[in-house]
Amino acid sequence: MDWKFNNDSPIYQQIMEQIKAMIATGTLKAGDKLPSVRELAIEAEVNPNTMQKALSELEREGLLCSKRTSGRYVSDNPANANILQEEMMMECIKIFIDTMKKLGYSMEDCIQFIEKYWNNDI
Amino acid sequence: MKNILECHNLTKKYGSKVALENLSLSVESGKITGLLGPNGSGKTTLIKIVSGILNYDQGEVFAGSHKIGIESKKIISYLPERPYFSPGMRVNETIKFFKDFYNDFSDDVAVDMLKSLDINPDAKIRTLSKGTREKVQLVLVMSRKARLYLLDEPMGGVDPAARDFILKTILNNYNEDAGIIISTHLISDVEKVLDDVIFIKNGHMVLHKNVDEIRSEKGKSVDALFREVFAC
């Protein structure tokens, strides 16, 4: 896993977002076992307590679950990936629309651009 | 969580110059705490007092249940600003030295770490670069199973790749029963491995807070907050 952190928001939130993205994109699948907190913390080069906090929060949100003796898993609920996918899509659309509005383009312009560039590299 | 370090009304003067004034603070086991402050704020003085190599004028300092002294040295592993081994010693002699000095030192751990760093155990300290000497010193300090690690500028003289190695070493050796205090100027490099930060200024503590709380409350990194608090 490739971890990147910015300076704007708490690290544990950024860890949560990145794990959610991995579930949304299928990098992590329902039922997958996660490495231990320590392994993940060393891989991401973050404090183990911070990693623990992020994973506990994801558990609270129902995206991860832990089995007492065997570790932590991605929840066995395939709907989760769809919900996360939709959330990420909405987030991208929102940023796209906001930016295009600021640049002064109309919705018609945007649709044209998307049709023109969808299958091509820009 | 239990406090592994407690300072009560600690005062230290160098002649008429006050280095620490009435400083009270505590650090919990299981946490990695950043000790941050501008040059001359008292970071190194505090670390040297806790490690037991500098006397203080007033107040009380406890590491676990021990007042600072011979007993506290057994549970504290201290990385000084500058490596202290004599240039004529070989790396494996420094390992023997540590094994002789400290009951909680594991030479297996040290040898493994030196191997992963590609440091020749037969090399004389004299032949090593400044950065490599610092790495050797860190390897020794982190190969102890101490209750409190005091790391004074652990990344001062090393390149960015070695900084990553140092952070990984610290995380690898982290355990819930020990506290780690890191003093540094390179805040953005260490920020994500810290639980808490302590800001000190002119021998006083101005802030002691959780890193994620700082980010969520202030909407900025510790590095940015530091620049604001200590703006010249």
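Me: Which residues are buried in α1(B)?
Reply: In α1(B) the buried residues are Lys43(B), Thr45(B), Leu46(B), Ile47(B), Ile49(B), Val50(B) and Ser51(B), where buried means that 20 or more other C-beta atoms lie within 10 Å of the residue's own, exposed means 12 or fewer, and partly exposed is in between, with C-beta atoms placed from the backbone. The helix covers residues 43–51 and is mostly covered, with 7 of its 9 residues buried. Helices here are DSSP runs of H or I with at least four residues, strands are runs of E with at least two, and both are numbered from the N terminus.

Me: And what follows α1(B)?
Reply: Gly52(B) follows α1(B), and its phi is positive, near 90°.

Me: Before I go on, what kind of model is this?
Reply: This is a predicted model, in which local features need pLDDT of at least 70 and side-chain atom pairs count only at pLDDT 80 or more, while totals for chains, interfaces and linings use all residues. Residues are numbered from 1 along each chain as its sequence is written, and chains are lettered from A and ligands numbered from 1 in the order in which they are written.

Me: What pLDDT does chain B average?
Reply: Chain B averages a pLDDT of 92, and 100% of the residues score at least 70; pLDDT is the predictor's confidence in each residue, from 0 to 100. For the complex, the predictor gives an ipTM of 0.80 and a pTM of 0.87.

Me: OK, the interface. How many residues of chain B are in contact with chain A?
Reply: On chain B there are 19 residues in contact with 15 residues of chain A, a contact being two residues whose C-beta atoms, placed from the backbone, lie within 7 Å. On the chain B side, α6 (160–173), α8 (211–218) and α9 (222–229) each supply at least two residues, and α6(B) gives the most, with 5 residues.

Me: How do the residues on that side of chain B divide?
Reply: They divide into 7 nonpolar, 4 polar and 8 charged, where Ala, Val, Leu, Ile, Met, Phe, Trp, Tyr, Cys and Pro count as nonpolar, Asp, Glu, Lys and Arg as charged, and the others, Gly among them, as polar.

Me: Back to α6(B), then: which of its residues are buried, and what do they pack against?
Reply: Ile166(B), Leu167(B), Thr169(B), Ile170(B) and Leu171(B) are buried in α6(B). The buried residues of α6(B) pack against α2 (37–44) and α3 (48–60) of chain A, together with α4 (107–116), α5, β8 (179–183) and α7 (187–190) of chain B.

Me: At what angle do the axes of α5(B) and α6(B) cross?
Reply: The axis of α5(B), residues 130–142, comes within 11 Å of that of α6(B), and the two cross at roughly 5°, the axes being lines fitted to C-alpha atoms over the stretch in contact, with angles running from 0 to 180 degrees between N-to-C directions. That makes α5(B) roughly parallel to α6(B), a description used for angles under 35 degrees.

Notes: Parallel < 35°, antiparallel > 145°, perpendicular 65-115°, else oblique.
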